[in-house]
Amino acid sequence: MTTVKFKWSAIAVLVAAATALSASPAAAQQALDEELEQYWTSERDLRVLRDRLYDREGRIGAGIYTGLMSSEPFYYYIPVGGRVSYHFSDQLGVEVGGAFMNAEGVLTRNTQLMDFLISDRGEGFDPATDTEDRFLWRANAVVTWSPFYGKLALLQRKLSHFDLNVAAGLGAVSVERPDITRESASTKLTVEGVLGVGAHFFVTPDLTVRLDGRGYLYRGAQFSHNEDSFFGQLRLPVEFLVGASYHF
Amino acid sequence: MQGLNLKTHTRPAAARGARQSRWVRRLIGALICVTLVAGTASTAFALDKNQIVQMTKLGLDDRAIMGAIDSAGDDISLTAEDVEDLREQGVSDQVIDHLRRRGMIAGESAPADQAPADEEIDPLAPAPAPAPAEGESDYEREERERLEAERQAEIERRANELNAQREAEAERQRQLERAAGQLPRAAQIVRDGNNMEGARMYLEFLSYEPEQGSENWYEATFGLAKALYQEGILSGASTPLLEVLMAGADRPHFVEAFRMLEELSSRIGYNPPILEELTRFYVGDKNERFQAEFNYYMGKFFYGYNRMDLALEYLDQVPESATDYPESRYLAGVARLDPAVNDIPGALRNFEAAILAAEAAPGGNEDILQLGYLALARVFFEVGFFDVALFYYQKIPSESSRHADAVFESAWSYFMKNDFKRALGTFHTLQSPYYSQRYYPDLYILESTVYLNQCMFPKSQRALAEFKSRYLDQRPLLQAYLENTFEPEAYWQMMEDAYKPGQSAPIPRLFTNAVLESLPFYNVHRVVRALQAERAALNANISALGDFGQQVLERVEEQLELKVQEGGIIVQQRLTAVDQELENWELRSLQIEFDIDSEERQQLQQRLQNPNYEAPEAAEAGTTLMVVADDWQPWPFEGEYWLDEVASYRSQMRTECIEQ
């Protein structure tokens, strides 16, 4: 889906460029006609915003973030990561980022369920083979689309500008995964799809504070109860991130 | 054909027997004698019964004989016995009737409706032949025979011509009947959308010159107009359409043709003066809807010709239920503002009615709504009711192209009522990217004046500096262009090129934008584009239309050339006016500069005289505030222009003048 979108945009850009290069007399007439129409129509097609204060077109952003992934039954994670973005326009951009969470007790923590199982089953419980995937790190690339841009007042004193975006992309995630017989566990690298939403608050023309939510869709571990069901193996962990980006 | 035997008559003496030769000689001799007797004053020659018989026996066509009779003048006189003799000798009844009609039979007078003599000249009338004379010499005889031969040749030629004409006429009639049989099929073809094939069939029928006004002629002319109209060849459609309309309102296609005419007027400005003839027709028997359309159209027609009394007469007849009612009220309002009528209260009533009708129209009539509000605002501005004017100016939505004018004129209203905070806010609106391309040189002069009145001298000077850099510094380019460009076509082409992507115009876009604001230019531009589209449609179908298409194409080219010239003249006039306006505003800016110096000195003097005077607080930051809701929540302007806020800026600045 994301790939298709990107291709479409690229074709549109190429077509636009070709059209501009081969401007015919008819196109020239059209230019005058369109210009004239702006003076003599009851309803002009106007952009809602002009001279946008926070401009990102053609800029590169770099940022760090952290967050919380609490959707998994045995662990919750505090990912720490970084990302680099490029904005084709104020609305459209691409972003590459990665997060690390393979630090047990610090970035990867047991849930209450996990603690209960450890204390209840004692030595008969091996967290590596008796649970599910444990995330080690992940990296991904997403396309971001920011259709909403607005401003709000804070205590009637300060204007804050923000935009809301949606993101979609592909990535890779490294997991510690028990095998199907639950006799051993090994590190696996798997592909995942990324879906997300986010809000960027413009602190200065260069600095934004970001709140993001991400969902990762990937094919999880195979066990005896789901080995014949592809959909039964699909997993969708979700995380909330907070970060800051600086735009150059 | 009862034709002539050419060989027989080319050399009669050689081809016929001796007896016939003698007859011919006698005839020629007689003719020569008669001619000589008749004298040279007349070109006619006398004829007698025997000659008529002789011509009949020679096998001459009846029409040729009748032509000879006509050419002979009125000298022939026959008795009833002669007529009987003629009949016995084989002279046709047609020839005898002709003699009777000509009054050449004694005792029978010519009919009262006899055609005038000057119309009786028959093309077959030969030159008078010399009559034989007694004891003629060989030379005379040869000369006589030569003349006779020439005369016979002339008779034959004219007879052939006449017969050819008759044949052609018969052929035309046959073709006409055949083509007439195709008219229903042509109508079906046009209904099916194959306009050019239909047009070709109608043209073929019309090429056989059917009787003008006949039913078939009417159907074909209307069908041709409709086919061309549907194909977008509007100029081509105009002529047959006009013929259909002028055939009368009682004809079956009058209503449909009239609606096509409305479209033609709208799209290619087709409004020839002859359309006034339409007012001769009685349309009271048509339905109410059509009557309303007719009255509105004629009202617009007379308005266009500046005949406001007639325009109002028709416009006021458009009923409230009519689709065109909002337009008719608006136009009537404008007509009442014309100096010739000068009925301002009536105009205001019309504009109000137009607005109410536009609001009530199904789906709304946004154009008339905005035009009505703008018209009301302008009338109230003119009479000095600035608050009322402002009320109406604010009715124009910011998406409308008229909003710029409304805001600009609002600025003037605020200025006139000394509301400088709102005036400055309005200036800020007009300097936003939504309107920055507009040509408003007086905006800076106004702004400078407002600042001057508030003793903000640096700001006043800055506004003048902005005026200078934005307008006056560009003026030499405009002047140079005006001085070096003479052809209207060049002005038009300059406008066409000015907006081409990647091309630079000889004058700054600010000035060409001033031309775009001109309504006459807009109207001519629309017509030019319609004609260009028509030319393209014609070129694509020229083979189907044949000579007619070529004629229409030439007419379209001619009209296009005229319209381009007209458009070029409008561009030239507008640019010249711009140049003149800038000169006037430059003078005004010099005056303000002088006032700034003078006021600055005066204020300094006041300050020295009032050393303890505390100036009012200046605004903390920025120059404007915006209002985003009815509860007047202020937001500081940070540099962004939002469409929903752009008309709501207010200045927070306070006067810096020292009270005396």
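Predicted model: local features only at pLDDT ≥ 70, side-chain atom pairs only at ≥ 80, totals over all residues.

Residues are numbered from 1 along each chain as its sequence is written, chains are lettered from A and ligands numbered from 1 in the order in which they are written.

Chain A has five helices and 12 strands; chain B has 27 helices and four strands. Helices (H or I, at least four residues) and strands (E, at least two) are DSSP runs, numbered from the N terminus. Of the 248 residues of chain A, 25% count as buried, and of the 660 residues of chain B, 38% do. A residue is buried if 20 or more other C-beta atoms lie within 10 Å of its own, exposed if 12 or fewer, and partly exposed in between, with C-beta atoms placed from the backbone. Two residues are in contact if their C-beta atoms, placed in that way, lie within 7 Å. Taking contacts between residues at least 6 apart in sequence, 63% of those in chain A join residues at least 24 apart, and the figure for chain B is 64%.

In chain A, strand β2 (residues 60–68) has two partners to follow. Strands pair if DSSP finds at least two bridges between them. Strand β2(A) runs antiparallel to β4 (residues 80–87) of chain A, with seven bridges joining them; here Gly61(A) is bridged to Ser85(A). Strand β2(A) also runs antiparallel to β12 (residues 238–247) of chain A, through eight bridges, and Gly63(A) has Ser245(A) as its bridge partner there. In a regular strand the side chains alternate between the two faces of the sheet.

Next comes the meeting of the two chains. 26 residues of chain B are in contact with 24 residues of chain A. On the chain B side, the elements that give two or more residues are α18 (366–382), α25 (488–498), α27 (519–609) and β3 (641–642). The residues of that side divide into 11 nonpolar, six polar and nine charged (Ala, Val, Leu, Ile, Met, Phe, Trp, Tyr, Cys and Pro count as nonpolar, Asp, Glu, Lys and Arg as charged, and the others, Gly among them, as polar). Strand pairing also crosses between the chains: two bridges join strand β1 (residues 49–50) of chain A to β3(B), and these strands run antiparallel. In β3(B), Trp642(B) is the bridge partner of Leu49(A). Arg50(A) is found in strand β1 of chain A and counts as partly exposed because it has 15 C-beta neighbours inside 10 Å. Leaving aside neighbours within four places in sequence, Arg50(A) is in contact with Ser432(B), Pro433(B), Tyr434(B) and Tyr641(B).

Inside chain B, helix α10 (residues 195–207) has 13 residues and reaches 18 Å from its first C-alpha to its last, close to the 18 Å expected at 1.5 Å a residue. The expected span is 1.5 Å times one less than the number of residues. Is α10(B) largely enclosed or open, and why? Of its 13 residues, 10 are buried, so α10(B) is largely enclosed by the rest of the structure. What covers the buried residues includes α8 (138–181), α9 (183–191), α11 (215–231) and α27 of chain B. Just after α10(B), Glu209(B) takes a positive phi of about 50°.

Helix α17 (residues 344–360) of chain B has 17 residues, which should span 24 Å, and its end C-alpha atoms are 24 Å apart, in agreement. Its buried residues, including Phe351(B) and Ile355(B), pack against α16 (325–337) and α18 of chain B.

A nonpolar core is a set of buried Ala, Val, Leu, Ile, Met, Phe, Trp, Tyr and Cys residues joined through C-beta atoms within 7 Å. The largest has 141 residues, and those with the most contacts inside it are Tyr202(B), Ala225(B), Leu241(B), Ala257(B) and Ala411(B). Helix α27(B) supplies the largest share of this core, 20 residues. A second, separate core of 18 residues includes Leu58(B), Leu60(B), Met66(B) and Val91(B).

Two loop residues remain. Most residues other than glycine have a negative phi, and most peptide bonds are trans. Asn342(B), in the loop between α16 and α17 of chain B, has a positive phi near 50°. Asn418(B), in the loop between α20 (403–416) and α21 (420–430) of chain B, has a positive phi of about 60°. Asn342(B) counts as exposed because it has 11 C-beta neighbours inside 10 Å, and Asn418(B) counts as exposed because it has 10.
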